[in-house]
Amino acid sequence: MNALMRTTARCLRSVPAACLLRRADGRVRSAASARFLCVAADSQKDLGGMVKKDKVVVFMKGTPAQPMCGFSNAVVQILRMHGVDQYAAYNVLEDQELREGVKLFSNWPTIPQVYFNGEFVGGCDILLQMHQNGDLVEELKKLGIRSALLDTDEESK
(Lines give C-alpha, C1' and ligand atoms only; values in the text may rest on other atoms or scores of the structure.)
Protein backbone atom coordinates (compact mmCIF):
# COMPACT_ATOMS: atom_id res chain seq x y z
CA MET A 1 0.00 0.00 0.00
CA ASN A 2 2.99 2.31 0.42
CA ALA A 3 3.45 2.29 -3.34
CA LEU A 4 -0.18 3.30 -3.74
CA MET A 5 0.27 6.19 -1.32
CA ARG A 6 3.44 7.36 -3.10
CA THR A 7 1.71 7.19 -6.47
CA THR A 8 -1.32 9.05 -5.14
CA ALA A 9 0.91 11.81 -3.80
CA ARG A 10 2.77 11.99 -7.12
CA CYS A 11 -0.51 12.22 -9.06
CA LEU A 12 -1.90 14.87 -6.74
CA ARG A 13 1.25 16.97 -7.10
CA SER A 14 1.28 16.64 -10.88
CA VAL A 15 -2.28 17.94 -11.47
CA PRO A 16 -3.25 21.37 -10.13
CA ALA A 17 -6.44 21.37 -8.06
CA ALA A 18 -8.21 23.96 -10.21
CA CYS A 19 -7.23 22.35 -13.51
CA LEU A 20 -9.87 21.31 -16.03
CA LEU A 21 -8.94 18.86 -18.74
CA ARG A 22 -10.56 18.80 -22.17
CA ARG A 23 -11.04 15.33 -23.61
CA ALA A 24 -10.80 14.46 -27.30
CA ASP A 25 -14.60 14.38 -27.56
CA GLY A 26 -14.74 17.99 -26.32
CA ARG A 27 -16.12 17.22 -22.87
CA VAL A 28 -14.38 18.74 -19.87
CA ARG A 29 -13.19 16.59 -16.98
CA SER A 30 -12.02 17.87 -13.63
CA ALA A 31 -8.56 17.25 -12.29
CA ALA A 32 -10.11 15.16 -9.54
CA SER A 33 -11.23 12.55 -12.06
CA ALA A 34 -7.79 12.66 -13.70
CA ARG A 35 -6.26 11.95 -10.30
CA PHE A 36 -8.69 9.09 -9.81
CA LEU A 37 -7.74 7.58 -13.15
CA CYS A 38 -4.05 7.85 -12.27
CA VAL A 39 -4.60 6.21 -8.88
CA ALA A 40 -6.88 3.54 -10.32
CA ALA A 41 -4.28 2.48 -12.89
CA ASP A 42 -1.59 2.19 -10.25
CA SER A 43 -3.99 0.44 -7.85
CA GLN A 44 -4.50 -2.27 -10.43
CA LYS A 45 -0.72 -2.79 -10.63
CA ASP A 46 -0.52 -2.90 -6.82
CA LEU A 47 -3.40 -5.39 -6.60
CA GLY A 48 -1.72 -7.55 -9.23
CA GLY A 49 1.37 -7.67 -7.05
CA MET A 50 -0.65 -8.32 -3.90
CA VAL A 51 -2.44 -11.36 -5.31
CA LYS A 52 0.79 -12.84 -6.67
CA LYS A 53 2.81 -12.29 -3.50
CA ASP A 54 1.40 -15.34 -1.67
CA LYS A 55 0.01 -18.71 -2.77
CA VAL A 56 -3.35 -17.96 -1.14
CA VAL A 57 -4.73 -14.44 -0.80
CA VAL A 58 -8.07 -13.43 0.70
CA PHE A 59 -9.67 -10.01 0.56
CA MET A 60 -12.19 -10.05 3.37
CA LYS A 61 -14.20 -8.03 5.84
CA GLY A 62 -12.25 -8.21 9.07
CA THR A 63 -9.31 -10.48 9.79
CA PRO A 64 -8.94 -14.27 10.01
CA ALA A 65 -8.88 -13.92 13.79
CA GLN A 66 -11.97 -11.71 13.77
CA PRO A 67 -14.06 -11.92 10.58
CA MET A 68 -16.67 -9.14 10.38
CA CYS A 69 -19.21 -10.90 8.16
CA GLY A 70 -20.57 -14.40 7.79
CA PHE A 71 -19.21 -14.94 4.30
CA SER A 72 -15.69 -13.93 5.31
CA ASN A 73 -16.00 -16.19 8.35
CA ALA A 74 -17.06 -19.10 6.10
CA VAL A 75 -13.98 -18.64 3.89
CA VAL A 76 -11.72 -18.59 6.97
CA GLN A 77 -13.39 -21.74 8.34
CA ILE A 78 -13.10 -23.61 5.02
CA LEU A 79 -9.40 -22.76 4.75
CA ARG A 80 -8.92 -23.73 8.40
CA MET A 81 -10.61 -27.13 7.82
CA HIS A 82 -8.12 -27.79 5.05
CA GLY A 83 -5.23 -26.76 7.30
CA VAL A 84 -4.44 -23.63 5.30
CA ASP A 85 -3.10 -21.28 7.96
CA GLN A 86 -0.46 -19.44 5.94
CA TYR A 87 -2.19 -16.99 3.65
CA ALA A 88 -2.35 -13.27 3.07
CA ALA A 89 -5.55 -11.66 4.30
CA TYR A 90 -6.45 -8.06 3.56
CA ASN A 91 -9.17 -6.32 5.56
CA VAL A 92 -11.14 -4.25 3.06
CA LEU A 93 -13.02 -2.48 5.86
CA GLU A 94 -9.84 -0.58 6.72
CA ASP A 95 -9.35 0.81 3.22
CA GLN A 96 -12.25 1.92 1.01
CA GLU A 97 -9.98 2.25 -2.05
CA LEU A 98 -8.85 -1.34 -1.59
CA ARG A 99 -12.45 -2.48 -1.16
CA GLU A 100 -13.58 -0.88 -4.41
CA GLY A 101 -10.32 -1.55 -6.24
CA VAL A 102 -10.38 -5.30 -5.68
CA LYS A 103 -13.94 -5.46 -7.04
CA LEU A 104 -12.81 -3.72 -10.23
CA PHE A 105 -9.63 -5.79 -10.42
CA SER A 106 -11.49 -9.10 -10.34
CA ASN A 107 -14.67 -7.89 -12.01
CA TRP A 108 -16.47 -9.56 -9.09
CA PRO A 109 -18.92 -7.43 -7.08
CA THR A 110 -18.69 -9.03 -3.64
CA ILE A 111 -16.28 -9.58 -0.76
CA PRO A 112 -14.67 -11.93 0.25
CA GLN A 113 -12.49 -12.75 -2.73
CA VAL A 114 -10.03 -15.64 -2.87
CA TYR A 115 -6.95 -15.91 -5.10
CA PHE A 116 -4.66 -18.92 -5.66
CA ASN A 117 -1.25 -18.19 -7.20
CA GLY A 118 -2.45 -14.81 -8.45
CA GLU A 119 -5.57 -16.24 -10.11
CA PHE A 120 -9.03 -15.23 -8.98
CA VAL A 121 -10.91 -18.26 -7.63
CA GLY A 122 -14.15 -16.64 -6.51
CA GLY A 123 -16.04 -15.71 -3.40
CA CYS A 124 -17.48 -17.66 -0.50
CA ASP A 125 -20.01 -19.51 -2.65
CA ILE A 126 -17.37 -20.77 -5.08
CA LEU A 127 -14.97 -21.81 -2.32
CA LEU A 128 -17.80 -23.63 -0.52
CA GLN A 129 -18.76 -25.45 -3.71
CA MET A 130 -15.12 -26.45 -4.32
CA HIS A 131 -14.90 -27.70 -0.73
CA GLN A 132 -18.10 -29.73 -1.07
CA ASN A 133 -17.22 -31.39 -4.38
CA GLY A 134 -13.55 -32.07 -3.55
CA ASP A 135 -12.08 -29.62 -6.05
CA LEU A 136 -10.51 -27.55 -3.28
CA VAL A 137 -8.29 -30.48 -2.22
CA GLU A 138 -7.02 -30.74 -5.81
CA GLU A 139 -6.47 -26.99 -6.19
CA LEU A 140 -4.54 -26.84 -2.91
CA LYS A 141 -2.43 -29.79 -4.11
CA LYS A 142 -1.50 -27.76 -7.22
CA LEU A 143 -0.26 -25.04 -4.85
CA GLY A 144 1.87 -27.55 -2.95
CA ILE A 145 -0.50 -27.51 0.02
CA ARG A 146 -1.70 -30.83 1.40
CA SER A 147 -5.26 -30.57 2.66
CA ALA A 148 -5.68 -31.56 6.31
CA LEU A 149 -8.88 -33.34 5.25
CA LEU A 150 -6.74 -35.97 3.53
CA ASP A 151 -5.10 -36.73 6.86
CA THR A 152 -8.51 -37.01 8.53
CA ASP A 153 -9.70 -39.43 5.81
CA GLU A 154 -6.62 -41.63 6.26
CA GLU A 155 -7.01 -41.70 10.06
CA SER A 156 -10.63 -42.85 9.79
CA LYS A 157 -9.67 -45.88 7.65
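Colleague: How many aromatic pairs does the count come to?

Modeller: The count comes to 5 aromatic pairs, where rings of Phe, Tyr and Trp (its six-membered ring) pair if their centres lie within 6.5 Å, with planes under 30 degrees apart counted as stacked, over 60 as edge-to-face and the rest as tilted. This is a predicted model, in which local features need pLDDT of at least 70 and side-chain atom pairs count only at pLDDT 80 or more, while totals for chains, interfaces and linings use all residues. Residues are numbered from 1 along each chain as its sequence is written, and side-chain values use heavy atoms, with hydrogens and water left out.

Colleague: What makes the pair of phenylalanine 59 and tyrosine 115 edge-to-face?

Modeller: The planes of phenylalanine 59 and tyrosine 115 stand at 80° and the centres are 5.8 Å apart, so the angle passes the edge-to-face limit and the distance the pairing limit. Phenylalanine 59 sits in strand 3 (residues 56–60) and tyrosine 115 in strand 5 (residues 113–116), 56 residues apart, and the pair links these distant parts of the chain. Strands here are DSSP runs of E with at least two residues, helices are runs of H or I with at least four, and both are numbered from the N terminus.

Colleague: And why is the pair of tyrosine 115 and phenylalanine 120 called tilted?

Modeller: The ring planes of tyrosine 115 and phenylalanine 120 meet at 55°, with centres 5.3 Å apart, so the pair is tilted. Ring pairs link Phe59, Tyr90, Phe105, Trp108, Tyr115 and Phe120 into a cluster.

Colleague: How do you know that tyrosine 115 counts as buried?

Modeller: The relative accessibility of tyrosine 115 is 1%, and buried means under 20% relative accessible area, exposed over 50% and partly exposed in between (1.4 Å probe, protein chains only). Phenylalanine 59 is buried as well, whereas phenylalanine 120, at 27%, is partly exposed.

Colleague: What makes serine 147 buried?

Modeller: Serine 147 has a relative accessible area of 0%, so it is buried. Serine 147 lies in the loop between helix 6 (135–142) and helix 7 (148–156).

Colleague: What joins the side chains of serine 147 and histidine 82?

Modeller: A polar contact of 2.7 Å joins them; the term covers N or O atoms within 3.5 Å, where within protein one must be able to donate a hydrogen and the other to accept it, and residues adjacent in sequence count only if both atoms are side-chain atoms. The serine 147 side chain also reaches the backbone nitrogen of leucine 149 at 3.1 Å. Beyond neighbours within four places in sequence, serine 147 is in contact (heavy atoms within 4.5 Å) with His82, Val137 and Leu140.

Colleague: Why are helix 5 and helix 6 called roughly perpendicular to each other?

Modeller: The axes of helix 5 (residues 124–133) and helix 6 cross at roughly 100° and come within 5 Å; axes are lines fitted to C-alpha atoms over the stretch in contact, with angles from 0 to 180 degrees between N-to-C directions. Under 35 degrees counts as roughly parallel, over 145 as roughly antiparallel, 65 to 115 as roughly perpendicular and the rest as oblique. The two helices are therefore roughly perpendicular.

Colleague: Which residues in helix 5 and helix 6 meet?

Modeller: Leu127, Met130, His131 and Asn133 from helix 5 meet Asp135, Leu136 and Glu139 from helix 6.

Colleague: Where is arginine 99 found?

Modeller: Arginine 99 is in helix 4 (residues 96–106). Apart from neighbours within four places in sequence, arginine 99 is in contact with Lys61, Val92, Leu93 and Ile111. From C-alpha to C-alpha, arginine 99 and isoleucine 111 are 8.1 Å apart.
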